Protein chains: 2
Amino acid sequence: MTHATPETVFTYGSPQLKFGTGASAEIGYDLAGLGARRALVVTDPGISATGLPQRVGEQMKAYDVTAVVFDGVHVEPTDESMRAAVEFARANGPFDAIVAVGGGSSIDTAKAVNLLTTNDGDLMDYLNAPVGAGRAPSNPLLPLVAVPTTTGTGAESTTVCVLDVLSLKVKTGISHARLRPTLAVVDPDLMMTQPAGVTAAAGMDILCHALESYTARPYTSYARKEPSQRVPYCGANPISDMWSEKALSLLAGSFRQAVAHGEDTLARGDMAFAATFAGLGFGNAGVHIPHANAYPIAGRVRGFHPQGYPADEAMVPHGMAVSLTAPEAFRYTFDAAPERHLRAARLLAPGVEETGEERDLLPRVLADLMRDIGIPAGIGEVGYTTADIPDLVDGALKQQRLLATAPKEPSAEDLTGIFERSITLW
Amino acid sequence: MTHATPETVFTYGSPQLKFGTGASAEIGYDLAGLGARRALVVTDPGISATGLPQRVGEQMKAYDVTAVVFDGVHVEPTDESMRAAVEFARANGPFDAIVAVGGGSSIDTAKAVNLLTTNDGDLMDYLNAPVGAGRAPSNPLLPLVAVPTTTGTGAESTTVCVLDVLSLKVKTGISHARLRPTLAVVDPDLMMTQPAGVTAAAGMDILCHALESYTARPYTSYARKEPSQRVPYCGANPISDMWSEKALSLLAGSFRQAVAHGEDTLARGDMAFAATFAGLGFGNAGVHIPHANAYPIAGRVRGFHPQGYPADEAMVPHGMAVSLTAPEAFRYTFDAAPERHLRAARLLAPGVEETGEERDLLPRVLADLMRDIGIPAGIGEVGYTTADIPDLVDGALKQQRLLATAPKEPSAEDLTGIFERSITLW
């Protein structure tokens, strides 16, 4: 995968960051500095019930910023739930800033609201092709302050929002540089009550962000782009590599502990760092096969109810869905960059015993970790059988934007093999 | 240095980056994306003579952006030279974007022009106290695209601009988050013709950025700040540490080679990375004693004329001035964080023989490097004697904003000792 005129340029973007215990108490000040007078707070009912979004809204008053809270975010947003949020914003606006308080679902919904209250057209106009028209926003967006309450998604760092299109039974997204939050406020205190099951699944999302961007196609392997062809995800590069390596080291020291002992503030803090660092890495490099596979795994769920999540709906949480084919995906991509797969395994499990085939090391390290933190032992445990695999492969192949970032471009047969070997991982 | 209510929060900001060979050919496109129609290009006569700023201006036409070039930047800017640039911008404006093409002098002048054409008042109103009134801008600034042509200053990443106030014979600056460039375009091709002497001096600036931010007071050692008290330089933190470590490793592999063999594109590329990485680190953590000392060393120069710089004026280039007291400064700060000083020395000189006192390791590694790349052997070689030291100490003590970031706050006696031992380093 080298070209006659190879790419020589990469881009790197990030939100401004405010990080640490108590950082979320300063949002009113920061909004005022962004020129805001009337802010829309976007959150989900679960977070709303904790009172946090209301407290965030209250403290804005001291800086003459008025808050209006929308707490109707759907966990794992859909086109319908995002349209409802946009309708709310249009009916209760205008706003001059948006604050997202919650997990990736709230932050992603806030991105869509920001886009569709500043630019005309419908959600479908902006969704990635081929599902949508892949249109780029023509107007600037409002300042968006992202306040994550789960350690995982990295949504506070990225330029994408992800949703289910209900009528098409497909998970897809919108990706544009203008969607990136202006400011990310990462306060580990907000994550202390996250249940163990959520810490495990969301942590696997962090881990896969780091691993997938570290093993992504290098930016130099693409053909030289015109400036208008540049996308936020430009492939592995020296900056995303650095963030990924650092995130892997942090996870090595904190992940098992944060799941087993959620009261450990040090482990929680390191997980929050890892989430942000991995977000800054993959938010510029991109992710590939495990994330592409996660779309149909989460989208076609029938009867699975994970611990730590709302009990009223069947779901495979995003991070869990991503992780379930990760060991087999990395066994498949090993050839493309053996040294990167080995180094990632060593960062994640320092001192791991290196026996057997080199290509098996990262899959083994991953499976050991997943077993220890209570992730299901494969897609079989969340309800899929070999009969589902053609459907799952079909869903993964729809994620061409992600698969294009893989270090080897997988065929339908390759994906079939990855799913088959992922039915039972251990 | 711990407090009853220690700081728990740090901030991190950066420009968007476009990095790589050819990146500077896309500035017109990027300006159009920032909404620009009429841009002021700020540069110095030396860079202007290469034709680069004019080429940058030309390529904007394809995107309907008009360029006006100001090529009167003074290398090592003064209050007079910055006022002249502001006058030019006022007389030829209005502009809706600014592009700085050059070294730190051009980028810093562009920051001042940006501030003073969007906010009222004079330069003195905004200079750091006690020299100026330390006023914060009340209006937003224009988008600023920084295109560095020397590998060193990191000015493309930072929130400061530095200048000589001629009437007071003092070097000082302006520091505010809004001064940070919107976009940094780092194209190693623009640095290939940099003379060896400039590569050496500017490289020592990179190195000291990395070392000083790595050894800066940790953000947690300060008292808890109110949000309005937060400054761009918040002390060493996990993000600045990562950038600093990576910059040190890159310098270890490329610095001597880039000075000795300027035609080595790989070494030049790694130096460009190191400059940007160190800028992203110190641009958030801060620098301390070597930079504070550099102000009077450069400001009180009498007859020194370095190789590779314009011959018509006596000068100690900024990076050289910074480096001349660095070995002794780090010998002095060693106690405050021995493990960081040792780790920095090992990153900069992997496999270095570790004989003698631990506190001497980093000074020795620095002196070895400085000798190899042709940096003067102390402040004596650039014209200072023991008789000048009270004056130099006085000048360094004026840089309270920098000294406050030192891991140990130096007294006048401490600084006297550092300067005395820096007259002859080897």
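Biologist: Is E76(B) buried or exposed?
Modeller: In this predicted model, E76(B) has a relative accessible area of 17%, which is under the 20% limit, and therefore E76(B) is buried.

Biologist: Where is E76(B) found, and what is its phi?
Modeller: E76(B) is found in the loop between β4 (66–70) and α4 of chain B, and its phi is near 65°, a positive value in a residue other than glycine.

Biologist: And what about E76(A)? What is its relative accessibility, and what is its phi?
Modeller: E76(A) has 18% relative accessibility and so counts as buried, while phi of E76(A) is near 65°, again a positive value in a residue other than glycine. E76(A) lies in the loop between β4 (66–70) and α4 (79–92) of chain A.

Biologist: Changing topic to helices: at what angle do α10 and α15 of chain A pack?
Modeller: Helix α10 (residues 289–299) and helix α15 (residues 389–397) of chain A pack at an angle of about 125°, with their axes 8 Å apart. That angle makes α10(A) oblique to α15(A), and α10(A) passes α15(A) in a right-handed crossing.

Biologist: Which residues make that contact, and how do they divide by class?
Modeller: From α10(A) the contact is made by A292(A), N293(A), P296(A) and I297(A), and from α15(A) by L392(A), G395(A) and A396(A). By class, the contact of α10(A) with α15(A) has 5 nonpolar and 2 polar residues, and no charged ones.

Biologist: How does α7(A) pack with α10(A)?
Modeller: The angle between α7(A) and α10(A) is about 135°, with their axes 9 Å apart, and the two helices are therefore oblique to each other. In this case D205(A), C208(A), H209(A) and E212(A) in α7(A) meet I289(A), P290(A) and H291(A) in α10(A), and the residues of that contact divide into 3 nonpolar, 2 polar and 2 charged.

Biologist: What about R217(A), where is it found?
Modeller: R217(A) is in the loop between α7 and α8 of chain A, and it is buried, with a relative accessible area of 8%. R217(A) and A406(A) are 189 residues apart along the chain, and their C-alpha atoms are separated by 5.7 Å.

Biologist: Over to the interface: how many residues of chain B are in contact with chain A, and what area is buried?
Modeller: There are 33 residues of chain B in contact with 33 residues of chain A, and the area buried between the two chains is about 2,800 Å², of which carbon and sulfur atoms give 60%. On the chain B side, Y12(B), P227(B) and M242(B) lose the most area to chain A, together 19% of what that side buries.

Biologist: Last topic, which residues are joined by cis peptide bonds in chain B?
Modeller: One cis peptide bond joins G93(B) and P94(B), with omega about 0°, and P94(B) is found in the loop between α4 (79–92) and β5 (97–102) of chain B. Another joins A129(B) and P130(B), with omega about 5°, and P130(B) is in the loop between α6 (123–126) and β6 (144–148) of chain B.

Notes
Residues numbered from 1 in each chain as written. Chains lettered and ligands numbered in written order. Predicted model: local features only at pLDDT ≥ 70, side-chain atom pairs only at ≥ 80, totals over all residues. Heavy atoms only, no water. Axes fitted to C-alpha atoms, helices over the stretch in contact; angles between N-to-C directions. Helix = DSSP H or I, 4+ residues; strand = E, 2+ residues; numbered from the N terminus. Parallel < 35°, antiparallel > 145°, perpendicular 65-115°, else oblique. Left-handed = near helix turned anticlockwise from the far one by under 90°. Contact = heavy atoms within 4.5 Å. Nonpolar A, V, L, I, M, F, W, Y, C, P; charged D, E, K, R; others polar. Buried area = accessible area lost by both parts, 1.4 Å probe. Buried < 20%, exposed > 50% of the residue type's maximum accessible area, 1.4 Å probe, protein only.
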